[in-house]
Amino acid sequence: MAGVTTEITVNSPEQMRELGRRLAKLLRAGDLVMLTGELGAGKTTMTRGLGEGLGVRGAVTSPTFVIARVHPPLGDGPPLVHVDAYRLGGGLDEMEDLDLDVSLSDSVIVVEWGEGKVEELADDRLHVLIHRAVGDTTDEVRHVTLTGVGERWATVGLGVLSA
């Protein structure tokens, strides 16, 4: 996948939330963010930080059982659409069938487990891969790789996130 890439090491859940808050400052309406990582990697924790950074209403929790949750803005920013695509077969049709009652082009869309399922939603997208040690470990360290795909991300300085 060609694009602008930044790698960041995160040492705690609070640092993952803070990364989400910082990333939110780079996002705008129409952005698609795809989160990939094992169970417990920190996808929802990062999305909580995104919600805080975007200033949206409602607690950001995993939408596993509802598939998608819309968090309206408290101010003049875009709504956050948080999707768990784990149980979706894939593709734009199923996303449209969710009847989210928002315009995806006016929202920031964050999709957990979206790889191979939602790329067709946008030519420009941000892939966030969160890698953690697996097995019997209490290791909180996560290696986060952010890859911006498309014109939208060609000039965004993702490197500011690692500062």
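Modeller: The discussion below goes from the overall fold to the sheet, the helices and a few side chains.

Biologist: What kind of model is this, and how many helices and strands does the protein have?

Modeller: The model is a predicted one. The protein has four helices and seven strands, and along the sequence they follow the pattern β-α-β-α-β-β-α-β-β-β-α. Of its 163 residues, 46% are buried. Among contacts between residues at least 6 apart in sequence, 68% join residues at least 24 apart.

Biologist: How should I read the sheet, and what is the order of its strands?

Modeller: In general, the strands of a sheet pair through backbone hydrogen bonds, in either a parallel or an antiparallel sense. Here the seven strands form an open sheet with mixed pairing, in the order β1-β7-β6-β2-β5-β4-β3. Its edges are β1 (4–10) and β3 (68–71), each of which pairs on one side only. On average, neighbouring strands of this sheet are turned by 15° against each other, direction ignored.

Biologist: Which strands run parallel and which antiparallel, for example around β6?

Modeller: Strand β2 (residues 32–37) runs parallel to β6 (residues 125–132), and five bridges join the two. Within this pairing, Leu-35 stands opposite Val-128. The pairing of β6 with β7 is antiparallel and extends over eight bridges; there, Val-128 has Leu-146 of β7 as its bridge partner. Strand β7 is also joined to β1, in the antiparallel sense, by seven bridges. One point of reference in that pairing is Ile-8, whose bridge partner in β7 is Val-144.

Biologist: How is an aromatic pair described, and how many does the structure hold?

Modeller: A pair of aromatic rings is described by the distance of the centres and the angle of the planes. This structure holds one such pair. Tyr-86 and Trp-113 form it, with 4.9 Å from centre to centre and 65° between the planes, an edge-to-face arrangement. Tyr-86 is in the loop between β4 and α3 (92–97) and Trp-113 in the loop between β5 and β6, so the pair ties together parts that are 27 residues apart in sequence.

Biologist: Are these two residues buried or exposed?

Modeller: Tyr-86 is exposed, at 54% relative accessible area, whereas Trp-113 is partly exposed, at 23%. A further ring to inspect is that of Trp-153: Arg-152 lies over its face, at 4.4 Å from the ring centre.

Biologist: What surrounds His-71, and is this residue buried or exposed?

Modeller: His-71 is located in strand β3. Its relative accessibility is 3%; because buried means under 20%, His-71 counts as buried. A polar atom of its side chain lies 3.1 Å from the backbone oxygen of Arg-57. Leaving aside residues up to four places away in sequence, His-71 touches Val-56, Arg-57, Gly-58, Ala-59, Val-60, Pro-79, Leu-80 and His-82.

Methods:
Residues numbered from 1 in each chain as written. Predicted model: local features only at pLDDT ≥ 70, side-chain atom pairs only at ≥ 80, totals over all residues. Heavy atoms only, no water. Pairing = 2+ DSSP bridges. Axes fitted to C-alpha atoms, helices over the stretch in contact; angles between N-to-C directions. Phe/Tyr/Trp six-rings, centres within 6.5 Å; stacked < 30°, edge-to-face > 60°. Buried < 20%, exposed > 50% of the residue type's maximum accessible area, 1.4 Å probe, protein only. Lys NZ or Arg CZ within 6 Å of the ring centre and 35° of its normal. Polar contact = N/O pair within 3.5 Å; in protein donor to acceptor, adjacent residues only side chain to side chain. Contact = heavy atoms within 4.5 Å.
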